[in-house]
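Work through the following exercises with the sequence and the 3D view at hand, and try each task before reading its solution.

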Amino acid sequence: AGEPAATMAVATVNLRAITSWVGIARLVAVVLSCLAFSLVASTGDFGGPYGTWCMFTWCFCFAVTLLVLLLELLELYPKLPLSWDDFTSAFSMLAALMVFTASVVFPSTFIISPCSGSKCARQAVATAASCLCFLAYALEVGLTRAKPGDISSFLSTVPGLLKVFEAYVACLIFSLLDTYSSEAGLQWCVAVYSICFIITLLIIILTIGRCLSYMPCPLEKVLVGYNALALMMYITATILWPLYSFRGRNRPDPCGRDCWWNKHLGVTFLTIFNLIAYLVDLVYSTKMVFIRAP
């Protein structure tokens, strides 16, 4: 009689995993990401680094979200050696950023005007599905975000979500870096991007792996100090990158998709985005540590 009971215990199904608002958002994201990569695959036109990136984004988000749904549905996630809330918060933020990028990159690279025929229609529907998929992930981020004062899962707080944003923007910067010559100013900027990316990624990985609690120093204050240092480093990069990149060099004519000028301009804007992110991160983490509600 004990054997069937044991079998029942293993086969527990938690229907809230797919009937709650978060579960519904994940189901919608799974369907839309599947639709996007299926339609693009059917056109056969996704060559080059940009097409490969978009296909990887939709397939990766589809696979991981489906895995998250299955683990929650079968209640297997408590057996994993990681902080589940931190992992799902970080992944939904990362997926939202990746799908947003794919939703912009794909149509601007592959939909050529004038556009007609079934191939164009499939590309347009895939783009629409990708945009709606981004909204589904953005909704999940909003639903799982920690309430003010709740710091039980760090990566679901505003500073935690910003950490994912900062690491992702740094990855975009690396994808645009082609030549930064022997200019000491540009080499310093690349060092800033690399150092801040590595430390931010370590914070994310250690949080998900529940390793930060073993640190021998007050973690919250260390994070505030790191944010202040990263902000100062990014201020120098925001000034030095455009100064050394464009000094005495005009925009080439013509300047195509892989033109160095466009890439350096992209790095300039992404540096400013990360500067703002680290500033907001510093303000929020300072409030969480030093101005706690009674």
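**Exercise 1. Describe the largest pocket: state its volume and say which residues lie nearest its centre.**

Step 1. The largest pocket of this predicted model has a volume of about 1,100 Å³. On a 1 Å grid over the protein atoms alone, a pocket is an open set of points with protein on both sides within 12 Å along at least five of seven lines, and a volume is the space filled by probe spheres, here of 1.4 Å, set on the points.

Step 2. The pocket is lined by 30 residues, and T101, V105, L172, S175 and L176 lie nearest its centre; a lining residue has an atom within 4 Å of a point. Residues are numbered from 1 along each chain as its sequence is written. Local features need pLDDT of at least 70 and side-chain atom pairs count only at pLDDT 80 or more, while totals for chains, interfaces and linings use all residues, and side-chain values use heavy atoms, with hydrogens and water left out.

**Exercise 2. Find out which helices and domains supply the lining of the largest pocket, and sort the lining by class.**

Step 1. At least two lining residues come from each of α4 (48–73), α5 (84–110), α7 (158–176) and α10 (260–290), where helices are DSSP runs (H or I, at least four residues) numbered from the N terminus.

Step 2. The greatest contribution is that of α5, with 11 residues.

Step 3. Domain 1 (11–152) and domain 2 (157–293) each give at least three residues to the lining, the bounds being taken from an automatic or database domain assignment.

Step 4. By class, the lining has 21 nonpolar residues (Ala, Val, Leu, Ile, Met, Phe, Trp, Tyr, Cys and Pro), 3 charged ones (Asp, Glu, Lys and Arg) and 6 polar ones (the others, Gly among them).

**Exercise 3. Describe how α5 packs against α6, and α7 against α8.**

Step 1. Two packed helices are described by the angle between their axes and the distance between the axes. Axes are lines fitted to C-alpha atoms over the stretch in contact, and angles run from 0 to 180 degrees between N-to-C directions.

Step 2. The axes of α5 and α6 (residues 117–144) come within 8 Å and cross at roughly 160 degrees, and α5 and α6 are therefore roughly antiparallel (over 145 degrees). Their contact divides into 16 nonpolar, 8 polar and 1 charged residues.

Step 3. For α7 and α8 (residues 184–208), the angle is about 140 degrees and the axes are 9 Å apart.

Methods. Parallel < 35°, antiparallel > 145°, perpendicular 65-115°, else oblique.
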